[in-house]
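Please read this briefing alongside the sequence and the coordinates shown below.

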Amino acid sequence: MSARLGELLLEKRRITRVQLDEALAFREANGGDLGSALIRLGFLAPDEVAALRGAQYGVRSVDLSGFEIEPAVLALIPAEIARRHRIVPLRRSGSTLTVVMTDPRNVAALDDVRFRTGCTVEPLMASEAAVDAALARCYDSGSDAPEPAVGERALDATVREVEAAVGRPGDLQAPDAPQETELVAGDEARGQAPAVRLLDVILTSAVQRGASDVHVEPYEKELRVRFRIDGALHEVMTPPIRMRDAITSRLKVMARLDIAERRLPQDGRIRIRLRDAGSSRSVDLRVSCLPTLFGEKIVLRLLDRERLTLDMTELGFEEPSLRRFTENIRKPWGMVLVTGPTGSGKTSTLYSSIAGLNTPDTNIVTAEDPVEFNLHGVNQVQIREAIGLSFATVLRAFLRQDPNVIFVGEIRDVETAEIAVKAALTGHLVLSTLHTNDAPSAVSRLLNMGIEPFLIAGSVNLICAQRLVRRVCRACAAPAAVSPATLIDIGFDEAEARVVTPMKGSGCETCNGTGYRSRIGLYEVLELTDALRERILAGGTARALRRAAIEDGMPTLRQSGLRKIARGVTSIDEVTRETVR
């Protein structure tokens with residue numbers, strides 16, 4: 001290519017033969033390419049070489065000094081990648097991203113950008129000096145960084161206010177996302193786009209405060225960010241509405257979503273690495289984008305492995321219920337079902353069960369939608385309905401994989417239920433979930449799906465219904481003034497009502513003024529005895545099964561809650577909100 005450039009320069013009479021020979025000799029002695037040699041010898045200006053190279057490669061040359069690049073566009077390519085490839089994102093139009101680079105022959109750079117952004121890449125040319133200056137202006141931090149425009153200063157002020165309110169972020173990276181973005185903290189982040197810094201603050205604050213979900217909600221004149229902490233939503237900030245598109249674009253790029261598609265819902269995943277106070281941990285984020293009237297609402301589900309409890313004794317089981325549950329998950333075959341609404345902790349209970357069964361001599365396979373946590377030693381399969389990889393399809397394949405334990409994320413239809421029952425009857429332990437209000441209702445749910453009563457009676461070993469309630473904050477817990485009549489009304493007997501002292505949090509810094517800190521489970525464990533199996537075969541209703549199970553000693557969800565009230569673990573309000581008598 002150098003010879004061709006030299007020939008082009010000679011044809012256009014930009015240099016002489018003597019100058020070309022001198023430049024070639026300089027290149028041989030000092031390295032680099034012919035264009036750089038011509039510039040360093042003073043024979044040509046940088047912009048002139050860029051224009052000639054552009055004509056040589058069929059790429060247009062541009063002057064970068066006159067362009068103001070939007071923060072949302074800069075966020076598409078992280079600083080590290082931009083500097084590595086000497087490439088500057090210029091503008092985005094639909095699914096086409098225009099970039100400026102020093103060498104449009106660099107196919108690896110173009111492929112990298114295409115893969116990380118999901119866009120069609122249109123390259124333009126500029127001189128090395130112009131690209132380096134643009135990189136410094138757009139990405140570099142430090143005292144020499146250019147003064148931001150008025151609009152940028154306003155956004156910076158907003159970010160500083162948020163940092164002051166929720167704390168500055170730690171060192172946050174997205175190593176497994178399509179771009180290896182490093183979102184740094186404090187003064188080091190000064191040169192980054194305000195939207196990038198704000199998102200850094202939001203994600204770090206959510207992890208540090210133990211949020212399970214982050215809601216980014218656009219409205220007509222404002223953008224609202226809420227955290228779900230211990231099951232309750234809390235508004236944490238309202239950034240300017242003009243930051244909506246930048247935040248949305250950055251999240252969609254990190255989650256490998258189509259940034260040009262704004263009409264349809266999209267789902268993706270991000271992995272971030274949080275470094276704070278010398279420690280480091282990874283957190284997975286499930287990303288859901290939903291088109292709304294004023295833009296796309298984004299919900300991030302935080303899957304923090306450090307907050308996953310795999311010790312069943314810490315979940316909240318009463319001792320008799322835990323003993324029954326443990327005995328049944330250690331049986332060589334049969335089905336154990338965990339029921340409850342979305343967000344009731346079913347997955348944590350089953351993951352804890354699998355962790356207890358996970359030994360080198362046990363083959364455990366799971367079918368999940370989605371896979372929330374990666375468990376070492378467990379073969380996990382992600383369901384993909386769009387390509388025909390359904391629960392039923394995966395279950396059929398499992399039966400040919402010599403499994404000991406099969407975990408089905410959810411029994412949604414009769415086909416999945418039939419295969420799960422078949423597996424339970426043919427020497428496999430099957431763990432799964434159903435959406436029912438209590439344990440006996442799971443039998444009715446299977447019957448309504450079309451499963452025969454004799455198959456249910458023969459395959460199901462145990463059904464566990466559960467709810468999550470908030471724990472009273474230990475730092476500000478105090479006795480609550482409750483009359484014995486109120487305690488009797490919620491389920492305590494007269495003797496208990498005279499001695500029970502319910503607790504309630506008054507609100508402090510530890511619990512952010514809520515009076516609650518973390519959550520604990522309420523459990524209703526129904527073990528199918530021979531008598532209950534006979535009732536199922538006879539066509540007994542869920543109400544009849546419930547009555548018989550209580551007579552056999554099954555503690556209900558309300559009774560589980562009452563025991564935790566008596567121990568001061570949770571409050572009356574929490575138990576009455578989640579359970580019925």
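**Briefing on the predicted model**

Leaving aside neighbours within four places in sequence, Leu446 is in contact with Leu337, Ala417, Leu434, Ile451, Ile456 and Val460, where contact means heavy atoms within 4.5 Å. This is a predicted model, in which local features need pLDDT of at least 70 and side-chain atom pairs count only at pLDDT 80 or more, whereas totals for chains, interfaces and linings use all residues. Residues are numbered from 1 along each chain as its sequence is written, and side-chain values use heavy atoms, with hydrogens and water left out.

**Nonpolar cores**

- Leu446 also belongs to the largest nonpolar core, which has 45 residues, and is listed with Met335, Ile406, Ile411, Val430, Ile463 and Leu526 among those with the most contacts inside that core; a nonpolar core is a set of buried Ala, Val, Leu, Ile, Met, Phe, Trp, Tyr and Cys residues joined through side-chain atoms within 4.5 Å.
- The largest share of this core, six residues, is contributed by helix H15 (residues 414-425).
- Another core, of 34 residues, lies apart from the largest one and includes Ala206, Val207, Phe227 and Leu257.

**Overall make-up**

- Of the 581 residues in the protein, 50% are buried, where buried means under 20% relative accessible area, exposed means over 50%, and partly exposed covers the range in between (1.4 Å probe, protein chains only).
- Among contacts between residues at least 6 apart in sequence, 63% join residues at least 24 apart.

**Helix packing**

- Two packed helices are described by the angle between their axes and the distance between the axes; here the axes are lines fitted to C-alpha atoms, for helices over the stretch in contact, and angles run from 0 to 180 degrees between N-to-C directions.
- Helix H14 (residues 391-398) and H15 have axes that come within 9 Å and cross at roughly 20°, and the two helices are therefore roughly parallel to each other, given that angles under 35 degrees count as roughly parallel, over 145 as roughly antiparallel, 65 to 115 as roughly perpendicular and the rest as oblique.
- In this pair, Phe391, Ala392, Leu395 and Arg396 of H14 meet Glu415, Thr416, Ile419 and Ala420 of H15.
- By class, the contact of H14 with H15 has five nonpolar, one polar and two charged residues, where Ala, Val, Leu, Ile, Met, Phe, Trp, Tyr, Cys and Pro count as nonpolar, Asp, Glu, Lys and Arg as charged, and the others, Gly among them, as polar.
- Helix H10 (residues 194-208) and helix H11 (residues 244-254) pack at about 65° with their axes 9 Å apart, which makes H10 roughly perpendicular to H11.
- The H10 side of that contact is made by Ala195, Val196, Leu198 and Leu199, and the H11 side by Ala246, Ile247, Arg250, Leu251 and Met254; by class, the contact has eight nonpolar, no polar and one charged residues.
- Helix H20 (residues 530-537) and helix H21 (residues 542-551) pack at an angle of about 170°, with axes 10 Å apart, and are therefore roughly antiparallel to each other.
- Leu532, Arg535 and Ile536 in H20 meet Ala544, Leu545, Ala548 and Ala549 in H21, a contact that by class has six nonpolar, no polar and one charged residues.

**Loops and backbone geometry**

- Most residues other than glycine have a negative phi, and most peptide bonds are trans.
- The peptide bond from Asp369 to Pro370 is cis, with omega near 0°, and Pro370 lies in the loop between strand S13 (364-368) and strand S14 (379-382).
- Arg86 is not a glycine, yet has a positive phi of about 50°; Arg86 lies in the loop between helix H6 (79-85) and strand S1 (87-93) and, at 29% relative accessibility, counts as partly exposed.
- Arg256, likewise not a glycine, has a positive phi of about 60°; Arg256 is placed in the loop between H11 and strand S9 (266-276) and counts as exposed at 52% relative accessibility.
- Arg14 is found in the loop between helix H1 (2-11) and helix H2 (17-30) and counts as partly exposed at 37% relative accessibility.
- Arg14 and Leu44 are 30 residues apart in sequence and 8.0 Å apart in space, C-alpha to C-alpha; leaving aside neighbours within four places in sequence, Arg14 is in contact with Leu9, Gln19, Leu44, Glu48 and Leu52.

Definitions and conventions. Helix = DSSP H or I, 4+ residues; strand = E, 2+ residues; numbered from the N terminus.
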